Amino acid sequence: MLGENIRNLRKQKGYSQDTFAQQLNVVRQTVSKWEKGYSVPDAETLREIAELLETPVSVLLGSTIEETTAENASREDEIAKQLAIFNNQLAERTARRRKTIRTILIVIGAAILINIIIVIAGVIQFTIHPGEAHKEEVETVDEGLLIEEYDVWENV
C-alpha cells in the first residue's frame, strides 16, 4: 500500500524517480525499492516524502483520519490562517517586483527611443544638407585667417 501510494503520488506530481530521489537526497534505487515494497523509508524520510508530495503521512500509509478533534481543528485553522497570510505577503512581493521591473523597462525603453530619435534626426539632417555644416566651418576658418592676415598687414 505504501509503495503504491508513493509511486502514484510521485507520478501525479510529475516527478521521475531520479528527480524525486534527488529531492530526498537518496539514490534512485532506494525510491524503486520503496515503490516495489522491498523496503520502507524511515520516519523522517517518510515525513519528507509527505511534504514533497504535499500530502499527509496518513494518506501515504493508506489510512484516512475522518474524525478531527477540536484541538486538531483549531490547529488546522491556525495553519490555514498563517498560510493565507504568507500567500498574501508573497503575492504583494511579487506584485511589487513586477511593478519595479515594469518601471525599469519603461525607463530603459524611453532612453533607447530618445537615442534612436536623435540618431534619426542627425541622419535626416545630414542627408538633406550633406555639406552645410562643413562649409560653415570652412568659412569661419577662412574669415578668421583673413582677419588675422589683415591685422598683420595693418601692423606693418
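Buried means under 20% relative accessible area, exposed over 50%, and partly exposed in between, with a 1.4 Å probe and protein chains only. The model is predicted: local features need pLDDT of at least 70, side-chain atom pairs count only at pLDDT 80 or more, and totals for chains, interfaces and linings use all residues. Residues are numbered from 1 along each chain as its sequence is written, and side-chain values use heavy atoms, leaving out hydrogens and water.

**Exercise 1.** Determine whether Ile108 is buried, partly exposed or exposed.

*Solution.* Step 1: locate Ile108 in helix 6 (residues 70-128); helices are DSSP runs (H or I, at least four residues), numbered from the N terminus. Step 2: the relative accessibility of Ile108 is 43%, so this residue counts as partly exposed.

**Exercise 2.** Describe how helix 2 and helix 4 are oriented.

*Solution.* Step 1: helix 2 (residues 17-24) packs against helix 4 (residues 43-52) at an angle of about 120°, and their axes are 10 Å apart. Step 2: angles under 35 degrees count as roughly parallel, over 145 as roughly antiparallel, 65 to 115 as roughly perpendicular and the rest as oblique. Step 3: the two helices are therefore oblique to each other.

**Exercise 3.** Identify the network of salt bridges that contains Arg47.

*Solution.* Step 1: a salt bridge is a side-chain nitrogen of Lys or Arg within 4 Å of a carboxyl oxygen of Asp or Glu. Step 2: Arg47 pairs in this way with Glu44, with 2.3 Å between the closest N and O atoms. Step 3: Arg47 also forms a salt bridge with Glu51 (2.2 Å, N to O). Step 4: through shared partners, Glu44, Arg47 and Glu51 form one network.

Key: Axes are lines fitted to C-alpha atoms, for helices over the stretch in contact, and angles run from 0 to 180 degrees between N-to-C directions.
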